[in-house]
Amino acid sequence: MKLTEDLEKAFNNQITLEFEASMVYRQLAIEMDTRDLPGMASWLRHQADEEIVHANKFIAHLDNRGNHPVIGNIPAPTVTADSALSVFQAAAAHEERVSEAIRDLYRTCEEAGDLDARPLLNWFLGEQIEEEATVTEIVARIAMTGNDGPGLLRLDSELGARPTGTTEN
């Protein structure tokens with residue numbers, strides 16, 4: 001079943017937000033690179049790639065339903081970060097924004113009676129719970145280090161060990 005024009009627009013807005021999230025994570029990775037924390041930078045780059053995978057899922061959904069996916073204007077990231085803690089706090093805030101946008105999209109689809117979007121959106125609801133929990137845990141762990149160099153370096157090493165994937169997942 002083809003999406004209505006309003007639903008198509010809502011899905012396209014989500015596609016744009018997912019690409020924006022990728023850009024935010026890329027900028028945060030740059031911030032960690034400039035602070036000589038390559039493991040954290042690598043983790044953030046992986047998150048950026050994962051956001052592209054998410055956008056691709058929404059694009060495929062629109063395309064499979066006979067609609068036209070469109071990427072809207074993506075503003076340059078405006079994240080300010082003066083520490084590892086503030087970088088991951090910014091990541092957490094952006095994940096919360098994405099989560100709320102997905103919940104809004106779910107509500108919009110429910111109001112329109114679009115049952116076909118449920119499987120995709122249910123997957124994203126679960127994914128966002130995981131995303132927020134992961135970033136929140138990292139924030140808490142950085143806060144526990146109290147900017148202690150060895151503790152921060154240990155966490156940097158741990159985050160850098162995350163396996164990398166592809167944007168085609």
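Biologist: Which residues of the largest nonpolar core touch the most other members?

Modeller: They are Met32, Met40, Leu44 and Phe88, in a core of 25 residues. The model is predicted, with local features requiring pLDDT of at least 70 and side-chain atom pairs counting only at pLDDT 80 or more, while totals for chains, interfaces and linings use all residues. Residues are numbered from 1 along each chain as its sequence is written, and side-chain values use heavy atoms, leaving out hydrogens and water.

Biologist: What makes a set of residues a nonpolar core?

Modeller: The members must be buried Ala, Val, Leu, Ile, Met, Phe, Trp, Tyr or Cys residues, joined through side-chain atoms within 4.5 Å. A second, separate core has 19 residues, including Leu7, Ala21, Leu62 and Ala117.

Biologist: Why is Glu131 called buried?

Modeller: Buried means under 20% relative accessible area, exposed means over 50%, and partly exposed lies in between (1.4 Å probe, protein chains only). Glu131 has a relative accessible area of 4%, and it is therefore buried. Its place is in helix H4. In the chain as a whole, buried residues make up 43% of the 169 residues.

Biologist: Which residues does Met32 contact beyond its neighbours within four places in sequence?

Modeller: Contact means heavy atoms within 4.5 Å. With those neighbours set aside, Met32 is in contact with Leu37, Met40, Ala41, Leu44, Ser83, Ala84, Val87 and Phe88. Glu131, not counting residues up to four places away in sequence, touches Gln47, Glu50, His54 and Glu95.

Biologist: How many helices and strands does the chain have?

Modeller: There are five helices and zero strands. Both are DSSP runs numbered from the N terminus: a helix is H or I over at least four residues, and a strand is E over at least two.

Biologist: Why is the chain called as compact as a globular protein of its length?

Modeller: The radius of gyration is taken over C-alpha atoms, and the globule rule is 2.2 Å times the number of residues to the power 0.38. For 169 residues the rule gives 15 Å, and the chain has 17 Å, which is close, so the chain is as compact as a globular protein of that length. Along the principal axes, its C-alpha atoms fill a box of roughly 55 × 25 × 25 Å.
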